[in-house]
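Reader: I'd like a close look at the packing in this one, please. Take your time and spell out your terms as you go.

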Amino acid sequence: MLNTIDETFFCCLCWNSTEDVYPSMTKNKLFCKDHLCSGETKKQNFRDKRLIIRSLANKNHFLPDGIHGAELYRHLSRNLTKLSIDPSILIKNDAFKEQDSLLSTEFRNLISRYYPISFKCIKACFNLQNVDELVRSIVSEVSKPSNSNSLNKKGIEQSPKALRQLSSPALLIHMLARHEAFQLIHETPVKRGPKKKFHRDETLRAKISQLYRGFIETGNYRCQSRIAEQLGISTARVSILMKELIREKKLTRNMTQNKN
């Protein structure tokens, strides 16, 4: 959760800031420049949205019913750190309240322990003895193409305004937690198309059955697209797996006769 952190500071789909991406009067600041839901970044937006939904579903964090649009993206943003370690674990008891605490050995050790992927990128930064230099160095390292996993090939450039704010320990810890989560969802390449039978994903089939039975208990038979959204997969994939489950008599035809 973002706790008292301004939810509009971070892109809903990664760790990058929304600062200086939108006009000052814009209220719905959802994305960084690499995740804007239009133009060349639209495909990136949709792909990462699906990956986050799927990764959360794999940890049994499903989307609430009826959520869509900006509300959906904000939900994903608030839950992104469930894929790494909740930042509040590091921030508890005001251990990192002052900017100088970022230079402490305790801060370095906790980042190493809880966010190992991110720490590997920024390990050398902790040799610096100035807070501003440390923050700039950390942001620079995680934003390099090799450490920003599939985002802008030229690297991400945080705005000067964002860099000043990231000298706040709580905000910097949140950024690292989100970076760790983003890296984790991209660690394993997504395999396209259905898996062969000898590589069946039984967990996915069980989740589809569970979700479908939940929908029909409320009389909602037209729910394949909603199941797909909950699990971060395509409606066509849901349809294929439900047909398999019917053949295997794990679902009955009368249960699926009114499907999309």
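This is a predicted model: local features need pLDDT of at least 70, side-chain atom pairs count only at pLDDT 80 or more; totals for chains, interfaces and linings use all residues.

Author: Let's start with the contacts (heavy atoms within 4.5 Å). Numbering runs from 1 along each chain as its sequence is written, and side-chain values use heavy atoms, with hydrogens and water left out.

The chain has 12 helices and zero strands; both are DSSP runs numbered from the N terminus, helices being H or I with at least four residues and strands E with at least two. Of the 260 residues, 47% are buried, where buried means under 20% relative accessible area, exposed over 50% and partly exposed in between, with a 1.4 Å probe and protein chains only.

Now for the helix pairs. Two packed helices are described by the angle between their axes and the distance between the axes. Here the axes are lines fitted to C-alpha atoms over the stretch in contact, and the angles run from 0 to 180 degrees between N-to-C directions.

Take α6 (residues 131–142) and α8 (residues 169–185): their axes come within 12 Å and cross at roughly 15°. That is why α6 counts as roughly parallel to α8; the cut-offs are under 35 degrees for roughly parallel, over 145 for roughly antiparallel, 65 to 115 for roughly perpendicular, and oblique for the rest. The crossing of α6 past α8 is left-handed, a label for a near helix turned anticlockwise from the far one by less than a right angle, with clockwise giving right-handed. On the α6 side you'll find Val-135, Ile-138, Val-139 and Val-142, and they meet Leu-172, Met-175, Leu-176 and His-179 of α8. Sorted by class, that contact has seven nonpolar residues, one polar and no charged. For the classes, Ala, Val, Leu, Ile, Met, Phe, Trp, Tyr, Cys and Pro are nonpolar, Asp, Glu, Lys and Arg are charged, and the others, Gly among them, are polar.

The pair α9 (residues 202–217) and α10 packs at about 130°, with axes 10 Å apart. So α9 is oblique to α10, and their crossing is right-handed. From α9 come Leu-204, Lys-207, Ile-208, Leu-211, Tyr-212 and Phe-215, while α10 brings Arg-226, Ile-227, Gln-230 and Leu-231. This contact holds seven nonpolar, one polar and two charged residues.

Both α8 and α10 turn up again at α2, along with α1, in what covers the buried residues of α2. Those buried residues are Leu-72, Tyr-73, Arg-74, His-75, Leu-76, Ser-77 and Asn-79.

Away from the helices, look at the segment before α1 (42–58), where Val-21 sits. Val-21 is partly exposed because its relative accessibility is 27%. Leaving out residues up to four places away in sequence, it touches Phe-31, Cys-32, Lys-33 and Leu-36. The C-alpha atoms of Val-21 and Lys-33 are 6.2 Å apart, although 12 residues separate them along the chain. Asp-20 lies in the segment before α1 as well, and its phi is near 65°, a positive value in a residue other than glycine. Most residues other than glycine have a negative phi.
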